[in-house]
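Please read them alongside the sequence and coordinates shown here.

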Amino acid sequence: MAKVIGLVNLHPDVSLGGLTEKRPVASVSFLGRYGIIDFVLSNLSNSNVDSVGVLIKEKPRSLFKHMGNGNAWNFNSKSGGVSLLYNEKYANSPMYNHDINNMVENSAFVEKSKADYVIIAPAHIITTMNYADVVEAHIKSGAEITVVYKNIDNADETFVGSDYLELDGNHVSAIKTNKGNRKDRSISLETYVINTKVLLNLINYAKEISSFFDLKETLAYLCDERDIAAYEYQGFARIIDSFDAYYKVSLEMLDFEVSTQVFKSNWPIFTNTNDTPPAKYKDNANVKKSFVANGAIIDGTVEGSIIARNVVIGEGAVIKNCIILNGSVVAPGAVVENVIIDKDASIEKKINLAGGATPLYVKEGDVV
């Protein structure tokens, strides 16, 4: 039986505005109780991949706190577990701080695993992908590298700036940038299965092509030289590549038909648990079509919103189309609509807040 390890790639150049000022995308709160990284880690765990490395680009502190000892994701610590791979050498050199150099500096993780294949996947693209199916198809193809893609019909609206594949049957003939000028594209999900020996050779060869090339750029360069297989994924996929996308995808999950594509009885999404009491609904609580995490106290109206752990909604307050992160407090009588409130913030003085097409953002710890 083939041995497979996983690498979660946090190097893609993605910013969520103020939400990622002090933290990486991977540890940004999602749906009130998860971190964005929980979805890819859960996919790996559910696919029976026990040894996982996380390629950290920057701002590691909140990720270290979220990950803890890694036990929450049900990895078998006897045969693997989670390793946090930070490239201190290039942490302050933007052009050199990319996934190839991180893998070079932490190549011992891959070498010591004695794995046959390596799965590389990002955190900011949310799927429910069974990597075991991808590995099986990769082995059957006989290829050294497989790229996972999804056919979409709204590439003019989403995944703009991501890569798309030009295909020759089940093989990749070119990898190009989606500029949003066509609806139909075979979008790369930045997920790869690569033979271990090939990957170790590839990360060293990439430096000969360009010291500034990351993995995506290296694979695009090699399309003419290597036989790169393509695997079509047909399940749920959303990309969180901007502040607006984070807001849109988060609130989209309030739709039952959407959320049930992600939260399935046979595909659990794991996260760290907190010893907090259940949510408390007081006399004035009126909650509709919302996610409310444990520890929250609600004494007002909440509609179409996501309320994280230990949030307090004061008496008579009205919350609509908002995302309120851990520990924040909204004063009694406040009216807040289309707003993202970062953790430990307090809405006290300016009690009428409204965003537009782009939500208003309240910084972590701010009193407004």
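1. A residue is called buried when its relative accessible area is under 20%. The model discussed here is predicted. By this criterion, ten of the ten residues of helix 1 (residues 37–46) are buried, so helix 1 is largely enclosed by the rest of the structure. Among the buried residues are I37, F39, V40, L41 and L44, and also D38, S42, N43, S45 and N46. Helix 1 is followed by N48, which has a positive phi near 65°.

2. Strand 6 (residues 117–122) is likewise mostly covered, with six of its six residues buried. In a regular strand, side chains alternate between the two faces of the sheet. In strand 6 both faces are covered: one carries Y117, I119 and A121, the other V118, I120 and P122, and all are buried.

3. Strand 6 pairs with strand 1 (residues 4–9) in parallel through six bridges, and G6 stands opposite I119 of strand 6. With strand 11 (residues 185–195), strand 6 pairs in the antiparallel sense over four bridges; here Y117 stands opposite N195 of strand 11.

4. A separate point concerns an open sheet of five strands, ordered 15-18-21-24-27, with parallel pairing. Strand 15 (286–288) and strand 27 (352–354) each have a single partner strand and stand at the edges, so one side of each is left without a neighbour in the sheet. From one strand to the next, the twist averages 5°.

5. Within this sheet, strand 21 (residues 318–320) and strand 24 (residues 335–337) run parallel and are joined by three bridges. I319 has V336 in strand 24 as its bridge partner.

Key:
Residues are numbered from 1 along each chain as its sequence is written. This is a predicted model: local features need pLDDT of at least 70, side-chain atom pairs count only at pLDDT 80 or more; totals for chains, interfaces and linings use all residues. Side-chain values use heavy atoms; hydrogens and water are left out. Two strands pair if DSSP finds at least two bridges between them. Helices (H or I, at least four residues) and strands (E, at least two) are DSSP runs, numbered from the N terminus. Axes are lines fitted to C-alpha atoms, for helices over the stretch in contact, and angles run from 0 to 180 degrees between N-to-C directions. Buried means under 20% relative accessible area, exposed over 50%, partly exposed in between (1.4 Å probe, protein chains only).
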